[in-house]
Amino acid sequence: MGNKTLGVFGFEIIRNYTNGLNVERASLRDAYDIHEIINYFADEGEMLHRTIDEINQNINDFVVVKNKTGNLIATAALHKLDDKLGEIKGVAVKENWQGQGVGSILIQSCLQDALKLGINEIFVLTNKPEFYNKMGFSLSNVTKFPIKIWSECIGCSKFFSCNEIIMSIDIDPN
């Protein structure tokens, strides 16, 4: 990892990698690109659609990866559900950048941010369990996360036919 730039609240807002990729905290100017990449994969059945309003309202949850020309190539969000629990969601990497470690960079960034926020358990709903297993996540049970079920899942059109697997990881803040 390269240089660190600290933002107002002490979070690393940019992580520079030797391959020319930068991880940045998303800003409102990134919202349309985030919307585009998430909904591209939603159209393919890979994830859920998000409105631009949802993205704007939760922009502080997102990190983005940009290439050396400044184009957004990937995104993910860390959503804090309570004092110790968070969810990684909206993970999307443009197809031509997949298989090059970009997804791993995103997840590592989210886990680092979780530690800074005092979150010690992270879960993800995914249809790519092999990827998350490599990142240290293990299979979990959806009943372990009732806050997610009753706040978001219950309103989802796929609630009764959900094909996503829940995985979680415990992280030690020490």
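**Note on a predicted single-chain model**

1. Of the contacts in the chain with a separation of 6 or more, 64% are between residues 24 or more positions apart. The model under discussion is a predicted one, and its chain holds five helices and nine strands, which follow one another from the N terminus in the order β-β-β-α-α-β-β-β-α-β-α-β-α-β.

2. Of the 174 residues in the chain, 43% are buried. The accessible surface comes to about 9,600 Å², and carbon and sulfur atoms account for 51% of that surface.

3. Helix α1 covers residues 31–43, and its 13 residues should span 18 Å at 1.5 Å a residue, which agrees with the 18 Å between its end C-alpha atoms. Its buried residues are A31, I34, I37, I38, N39, F41 and A42, and these pack against α2 (52–57), β4 (62–66), β5 (72–80) and β6 (85–93). After the helix comes G45, which has a positive phi, near 85 degrees.

4. Strand β4 deserves a careful look, since five of its five residues are buried. In a regular strand the side chains alternate between the two faces of the sheet. In β4 both faces are covered, with F62, V64 and K66 buried on one side and V63 and V65 buried on the other.

5. The pairing of β4 can be followed on two sides. Strand β3 (residues 22–25) runs antiparallel to β4 and is joined to it by four bridges, V23 having V65 as its bridge partner in β4. Strand β5 is also antiparallel to β4, with five bridges between the two, and here V63 stands opposite A76. Five residues separate β4 from β5 in the hairpin that they form, and G70 in the turn has a positive phi of about 90 degrees.

6. Which residues touch the most other members of the largest nonpolar core? They are V65, I88, L111, I122 and F137, in a core of 26 residues. At least two residues of this core come from each of β4, β5, β6, α3 (102–117), β7 (121–126) and β9 (165–170), and α3 gives the most, with seven residues. Apart from its neighbours within four places in sequence, F137 is in contact with I88, I107, L111, I122, V124, Y132, M167, S168 and I169. There is also a second, separate core of 15 residues, which includes I34, I37, F62 and A77.

7. The model has six salt bridges, one of which joins the side chains of E24 and K66 at 3.4 Å, N to O. This pair links distant parts of the chain, with E24 in strand β3 and K66 in strand β4, 42 residues apart, and both E24 and K66 are buried. K66 also forms a salt bridge with D30, the closest N and O atoms being 2.9 Å apart. Because D30 lies in the loop between β3 and α1 while K66 is in strand β4, the pair ties together parts that are 36 residues apart in sequence. D30 is buried, as K66 is, and salt bridges with shared partners join E24, D30 and K66 into one network.

8. A further salt bridge is formed by D113 and R25, whose closest N and O atoms are 2.6 Å apart. D113 belongs to helix α3 and R25 to strand β3, so the pair ties together parts 88 residues apart in sequence. Are these two partners buried or partly exposed? D113 is buried, because its relative accessible area is 4%, whereas R25 counts as partly exposed at 22% relative accessibility.

Notes
Residues numbered from 1 in each chain as written. Predicted model: local features only at pLDDT ≥ 70, side-chain atom pairs only at ≥ 80, totals over all residues. Heavy atoms only, no water. Buried < 20%, exposed > 50% of the residue type's maximum accessible area, 1.4 Å probe, protein only. Contact = heavy atoms within 4.5 Å. Areas by Shrake-Rupley, 256 points an atom, 1.4 Å probe, with all protein chains shown as cover. Expected span 1.5 Å × (residues − 1). Core = buried A, V, L, I, M, F, W, Y, C linked by side-chain atoms within 4.5 Å. Pairing = 2+ DSSP bridges. Salt bridge = Lys/Arg side-chain N within 4 Å of Asp/Glu carboxyl O.
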